[in-house]
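Trainee: I am new to this structure and would like a close look at a single part of it. Please pick one place, go through it slowly, and then show how it sits in the rest.

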Amino acid sequence: MMNNREFGQVLQGAVAGSHQDLEHLLEIYEPLIQKHSHVNGEFDKELYQYLLIHIALNIHKFVI
């Protein structure tokens, strides 16, 4: 489990363009991303991939 300071560092790194920090952030939020990747009660792999890509392409817009 990571504390608030560690999470902040990972988030700042991801926003700044660190691929390693982005990957770590996606791992942290994996359960939530999977939860929101269901359509009519079934897992939608295309939606899951879309969400991952959307996060990766837009993380730099996050204001800290």
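Mentor: Start at Asn-40, which lies in the loop between strand E1 and strand E2 (42-43). Helices (H or I, at least four residues) and strands (E, at least two) are DSSP runs, numbered from the N terminus. Before going on, note that this is a predicted model, in which local features need pLDDT of at least 70 and side-chain atom pairs count only at pLDDT 80 or more, while totals for chains, interfaces and linings use all residues. Residues are numbered from 1 along each chain as its sequence is written, and side-chain values use heavy atoms, with hydrogens and water left out.

Asn-40 is not a glycine, yet its phi is positive, at about 55°. Most residues other than glycine have a negative phi. Asn-40 also has a relative accessible area of 79%, so it counts as exposed. Here exposed means over 50% relative accessible area, buried under 20%, and partly exposed in between, with a 1.4 Å probe and protein chains only.

What does Ser-37 touch, leaving aside its neighbours within four places in sequence? Its contacts are Glu-42, Phe-43, Asp-44, Leu-47, Tyr-48 and Leu-51, where contact means heavy atoms within 4.5 Å.

Tyr-48 leads on to the core. The largest nonpolar core has ten residues, and Tyr-48 is one of them, together with Val-10, Leu-11, Ala-14, Val-15, Leu-22, Leu-25, Leu-26, Ile-33 and Ile-59. Such a core is a set of buried Ala, Val, Leu, Ile, Met, Phe, Trp, Tyr and Cys residues joined through side-chain atoms within 4.5 Å.

Leu-22, another core member, is found in H2. With a relative accessible area of 14%, Leu-22 is buried. Not counting residues up to four places away in sequence, Leu-22 touches Ala-14, Ala-56 and Ile-59. The C-alpha atoms of Leu-22 and Tyr-48 are separated by 16 Å, and the two residues are 26 apart along the chain.

Now take H2 itself. Its buried residues are Asp-21, Leu-22, Leu-25 and Leu-26. They lie on the same side of H2, because they cover an arc of only 140° around the axis; the arc is that of the directions from the helix axis to the C-beta atoms. An α-helix has 3.6 residues a turn, so residues three or four places apart point the same way. H1, H3 and helix H4 (45-58) are among what covers the buried residues of H2. On the face turned away from the buried side, H2 carries the exposed residues His-19, Gln-20 and Glu-27.

Last, the whole chain. Its four helices and two strands run α-α-α-β-β-α from the N terminus on. Of the 64 residues in the chain, 20% are buried. The C-alpha atoms fill a box of roughly 35 × 25 × 20 Å, taken along the principal axes.
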